[in-house]
Amino acid sequence: MIQSETLDLLEWPRLCQQWATFAATKLGALAARHGRIPEHQSESERLLAQTREAYQLEEKAPLNFRGVQDMGDALERAKRQGILSGEELLEIATTLAGARQLRRTIDAQEEKDFPVLQSLVAQLRTYPELEKEIHHCIDDRGKVTDRANPKLAGIRKNLKNNHDQLHAKLQRIMQRHGGALQETLITQRAGRFVVPVKAPQKDAIPGIVHDVSTSGATLYIEPQSVVEFGNRLRQLERQETREEELVRQQLSGQVAEVSEDLEQLMAIITTLDLATARARYSLWLEANPPRFSTAEERTVLRQLRHPILVWQQRHEEGATVVPIDITMRPDIRVVAITGPNTGGKTVTLKTLGLAALMAKVGLFVPAREPVELPWFDLILADIGDEQSIEQSLSTFSGHIRRIGRILEAIGAEGDANNPESVGDAHPATTAPTQADASGNNALVLLDEVGAGTDPTEGSALAIALLQHLADHTRLAVATTHFGELKALKYQDERFENASVEFDDVSLSPTYRLLWGIPGRSNALTIARRLGLNSDVIDTAQTYVGVSKQEDVNQVIAGLEAQRKRQEDQAEQAACIVAQAEALKADIERKSSAIKEWERHQKLEQEKAIQAAVAQAKTEIATVIRQLQKGKPTAQAAQKATELVESIAQQQSVPKGDHPAKKVITDYKPKLGEKVRLIGLGGQTAEVVEAPDADGKVIVRFGLMKTVVELSDIESLTGQKAAVSKPAVEKVAEKKRTTTAKVAKKEPAAPAVRTSRNTIDLRGMRVAEAEADLENFIAKSTGPIWIIHGHGTGKLKRGVREFLKRHPQVRSFEHAEQADGGTGVTVAQV
């Protein structure tokens, strides 16, 4: 009873109703609305595995449940040798076809990505021969076809002929006796064809009267001459019905023979529909898959949102949902949440309870990754007011009765888990592990524990109750206004404090949950700022003990200030880490680009060398052929040698392409000498002025003069000048300065995709990707290509949400198919 009460208190049926709206079949929606809670963790793990695969499938090939119908009643009647209607048989055929299509869609995926769903559909038996037989015998309207039975086809042919003859006979009668008719019309009464005859002229058309109008002015008469046709028509109709029943009876028997397999088929389809509904609901909630933590692991629920409030925000124009953070050590057993009324304490209890239930049934949890929480055997709650005039229950009595039922459920569960356990509880000063407790793995949620009675006794009762729960549950979370409960944390390490934040300036709650800090008293402060008589407030402060209360509030205020500073520092540290990671990634990208450029240059140099060698060989071969044609003399040989040397000089490889290592000598370029400029790709220039003391040389190439460093030139034979150390240091310093200036000046973004205007975010979390993308946009102009891939779609949605609100982004769209299609977004900055 208390478990069903808890589900109602947490509004679980309402969440299940929302979940059911994502189901595609009637059975799936019905199962979702009931929202059965698994009793074992292994079942929850299996459901989560199904949800994960269905979530991935939504991105690749969403399942289509078209044609699937609820055939449970039809199968039950077929097993009892009942005759199914044509519509029911047609629904069975379309369901078989729909199940086969579902199996094909899942089997078409890679086995390593969808092992759970593929093993599930491997059990499907879709009986294509039965489907084919039904479609052969039943048409799209659910009627038995002529081809189903040769005898039926003959009966229908006779039926049509008889019908045509009867109508022709009635048409002739109406033409002969038109004046006796109320109107020219052939109609039916009691399955017989009749004509409307005026009552005074009934003798004009003798026959059988089957009906009379309300006024009595019209008689519906079956003329005597067509009675025989009518009788024959009725006989043929009965024969047709009998033959149709025989066909449907035969098909119903075939269905009954495989009814067990068809029931299993419906169960598998419903399982698939539930998994798909869970995935679609989770996708809509922007939820993440949970992981069940062990007794030695922390509970982590960051940015946790209440799913029903999210629904209200999106569908019912509700207020913006404020997420909460829940992070607990594994040894924490009791959390006491304090703070002002309407501050969000009760919503926090419900949000935690719903998160635990969602994880148990295989739904993703609306929180940031990672989502880690324990698997609870029981989830029990006392939330709200159970005051009842009819049952003579006060608020306090209602709470106590419900808490009593919670303790009974915990005791029963503990006895079931530990049949040999004794009733001695651990003392409050010890901190038993989960294995040391009574064996109960329950989550207990208590709202305003100990309220509704004398504060002193209520506080004492609350302390005793929480100490009992610390010994007998995995986790208990309680909201309270009792200050004594705040001190339990300092007496027992299994206790933790939390509070809902309150803004002293606006005098309103922020709905944020603060861990480790108890809520401070705000009643007198709020009253003073709202204008309550200062004498009344001063008198009230004397009753509560001014100095003591102020000391406590100052301590709490100091803790809150310390927490705020730590949060700011943590945020700054996160920004620095993100910037460092972005810088590292940028350096790696530039390093890769430089390596690619060097590889490309090396290939070009090798091509140039090969081309020069090939041309030289061709020209040398020409010289050899000329020598072979003439008379070999010493003069001719000398001339040929000079020609070969000239070819070698012409085909000499520029600096950077030459395979030989340059030898540094005491070479110094002379005025008017031809030299090679290393920094300009081996360009030949003329020395205009000799090198100065700083190692600078003025050269001219073409119509231009320029100053170059001595280290940047060489002779045409490959000699390099020796440069003094001071000169080298000056050159290096100049290069560093020039490089820094160039680095500061970013070039305009090209109009096509390159490595400079492309950023790859695959494998990152959304927060990491946003930091990288922010840095990339800051130094970019024009179009940028953002690679996010497909995956679960979370990164893609996160990137697009970030681009929407970024002030530098003018627009964005999918990339061309050749550039990655929907896995890449192009943004204009």
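Trainee: Why are Lys 584 and Glu 588 separated by about one helical turn?

Mentor: They sit 4 residues apart in helix 18 (residues 546-629), so about one helical turn separates Lys 584 from Glu 588. Helices are DSSP runs of H or I with at least four residues, strands are E runs of at least two, and both are numbered from the N terminus. This is a predicted model: local features need pLDDT of at least 70, side-chain atom pairs count only at pLDDT 80 or more, and totals for chains, interfaces and linings use all residues. Residues are numbered from 1 along each chain as its sequence is written, and side-chain values use heavy atoms, leaving out hydrogens and water.

Trainee: What makes Lys 584 and Glu 588 a salt bridge?

Mentor: The rule asks for a side-chain nitrogen of Lys or Arg within 4 Å of a carboxyl oxygen of Asp or Glu. Their closest N and O atoms are 2.6 Å apart.

Trainee: How many salt bridges does the structure hold?

Mentor: It holds 46. One of them joins Arg 189 and Asp 211 at 2.9 Å, N to O. That pair links distant parts of the chain, with Arg 189 in strand 1 (residues 187-189) and Asp 211 in strand 3 (residues 207-212), 22 residues apart.

Trainee: Why is Asp 382 called buried?

Mentor: Buried means under 20% relative accessible area, exposed means over 50%, and partly exposed lies in between (1.4 Å probe, protein chains only). Asp 382 has 2%, so it counts as buried. Its salt-bridge partner is Arg 402, at 2.9 Å, N to O. Arg 402 has 5%, so it is buried too.

Trainee: Which residues join Asp 382 and Arg 402 in one network?

Mentor: Glu 5 and Arg 405 do, through salt bridges that share partners.

Trainee: What lies 2.9 Å from a polar atom of the Asn 497 side chain?

Mentor: The backbone oxygen of Lys 486 does. Asn 497 lies in strand 13 (residues 495-503). At 1% relative accessibility, Asn 497 counts as buried.

Trainee: What is the label for Glu 87, buried, partly exposed or exposed?

Mentor: Glu 87 has 41% relative accessibility, so it counts as partly exposed. Glu 87 is in helix 6 (residues 86-107). With Asp 70, Asp 73 and Glu 91, it forms a negative surface patch. Patch residues need over 30% relative accessible area and no salt bridge, with like charges joined within 9 Å and nonpolar side chains (Val, Leu, Ile, Met, Phe, Trp, Tyr) within 5 Å. The 41% of Glu 87 clears that area cut-off.

Conventions:
Areas by Shrake-Rupley, 256 points an atom, 1.4 Å probe, with all protein chains shown as cover. Lys, Arg positive; Asp, Glu negative; His and termini not counted. Charge placed at Lys NZ, Arg CZ, Asp CG, Glu CD. Polar contact = N/O pair within 3.5 Å; in protein donor to acceptor, adjacent residues only side chain to side chain.
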